[in-house]
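Me: I have a structure open and would like to go through it step by step. Can we start once it is on screen?

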Amino acid sequence: MTSSPASPDKEINRRGLMLVLSSPSGAGKSSISRRLLDIDNNITLSISATSRKRRPGEVEGKDYQFVSPEDFQIMIYENQFLEYAKVFDHYYGTPATQVMETLGQGGDILFDIDWQGTQSLKATARDDLVSVFILPPSYRELERRLKKRNQDTDQEVAKRMSKAADELSHFPEYDYIVINHDLESSVNEIHAILKAERRRRHRQNGLTDFVRNLQAGY
Ligand SMILES: Nc1nc2c(ncn2[C@@H]2O[C@H](COP(=O)(O)OP(=O)(O)OP(=O)(O)O)[C@@H](O)[C@H]2O)c(=O)[nH]1
Ligand SMILES: [Mg+2]
């Protein structure tokens, strides 16, 4: 046999998927994302560009690509974004390069973006998109987590709380809903979603060849 449709690790060739995680501020999305990236080695994080200021502890190029509001506008003008949105008072956008290349190579990408970004991706890349909305177990817990974080000013926390109700209303736009009672359980649930979605027939573009070979007796 000269060529095999299956790669050496016995995976059928497939297209990567876009796994979007959204939630109201403080529902635990960032912790879940970090854990998921740790335990699964075929998914990488999409690093967004943002016009908001870097917070202490955040690393340029790892958390975000921090750009000036002016440069962000130039990036929009130059069509560099797969999607972008204004969230709170700042701009956030997903750079398009890398994403398409990674998907084509069978790599999955994790997106920590809001409901507006999810809507945009739904319009332009529905077949590649798997969206998960994370809910906090209670309003009280949401408030506690936001305050504990203590990275923003009180004013900022109050603003985020007031946005929570609005953000919550977008849950019906998502494919999956996970209530974050417990970090490990939520990570396991989302990992299960990821693993199942990888098996969707339409992503496994190596199947035709694979089955043809089976039929031919290989
Ligand atoms: N549409 C879109 N939203 C983004 C992008 N990057 C980040 N966001 C969203 O912007 C919101 C604010 O993000 P940050 O300023 O980092 O604040 P945060 O403390 O991480 O806020 P939460 O993740 O909401 O708790 C979050 O809901 C992110 O998911 C992006 O590229 N596109
Ligand atoms: Mg976040």
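Reply: What follows is a short talk about the ligand, the salt bridges and a surface patch in this predicted model.

Me: Which residues come nearest to ligand 1?

Reply: There are 19 residues around ligand 1, and Ser48, Tyr64, Tyr92, Asp112 and Arg149 come nearest.

Me: How do the residues of that shell divide into nonpolar, polar and charged?

Reply: Five are nonpolar, six are polar and eight are charged. As for the strands, strand 5 (81-87) and strand 6 (90-95) each supply at least two residues of the shell.

Me: How far is a polar side-chain atom of Tyr92 from an oxygen atom of ligand 1?

Reply: The distance is 2.4 Å. For Arg52, a polar side-chain atom lies 2.7 Å from a ligand oxygen. Gly26 uses its backbone: an N or O atom there lies 3.3 Å from an oxygen atom of ligand 1.

Me: And how much of ligand 1 does the protein bury?

Reply: Taken alone, ligand 1 exposes 610 Å², and the protein buries 96% of that.

Me: New topic. How many salt bridges does a search of the whole structure find?

Reply: The search finds 16. One of them joins the side chains of Asp128 and Arg15, at 2.9 Å from N to O.

Me: Why does that pair tie together parts that are apart in sequence?

Reply: Asp128 lies in the loop between helix 4 (115-125) and strand 8 (129-135), while Arg15 is in the segment before strand 1 (18-22), so the pair links parts 113 residues apart in sequence. Asp128 counts as buried at 10% relative accessibility, whereas Arg15 is partly exposed at 28%.

Me: What about Asp175 and Arg126?

Reply: Their side chains meet in a salt bridge too, at 2.7 Å from N to O. Asp175 sits in the loop between helix 6 (154-168) and strand 9, and Arg126 in the loop between helix 4 and strand 8, so this pair ties together parts 49 residues apart in sequence.

Me: Last one: which residues form the nonpolar patch on the surface?

Reply: Phe171, Ile177 and Ile179 form that patch, with about 250 Å² of accessible area together. Ile177 lies in strand 9 (residues 176-179) and is partly exposed, at 38% relative accessible area.

Conventions
Residues numbered from 1 in each chain as written. Chains lettered and ligands numbered in written order. Predicted model: local features only at pLDDT ≥ 70, side-chain atom pairs only at ≥ 80, totals over all residues. Heavy atoms only, no water. Patch = residues over 30% accessible without salt bridge, like charges linked within 9 Å, V, L, I, M, F, W, Y side chains within 5 Å. Areas by Shrake-Rupley, 256 points an atom, 1.4 Å probe, with all protein chains shown as cover. Salt bridge = Lys/Arg side-chain N within 4 Å of Asp/Glu carboxyl O. Helix = DSSP H or I, 4+ residues; strand = E, 2+ residues; numbered from the N terminus. Buried < 20%, exposed > 50% of the residue type's maximum accessible area, 1.4 Å probe, protein only. Near = heavy atom within 4 Å. Polar contact = N/O pair within 3.5 Å; in protein donor to acceptor, adjacent residues only side chain to side chain. Nonpolar A, V, L, I, M, F, W, Y, C, P; charged D, E, K, R; others polar.
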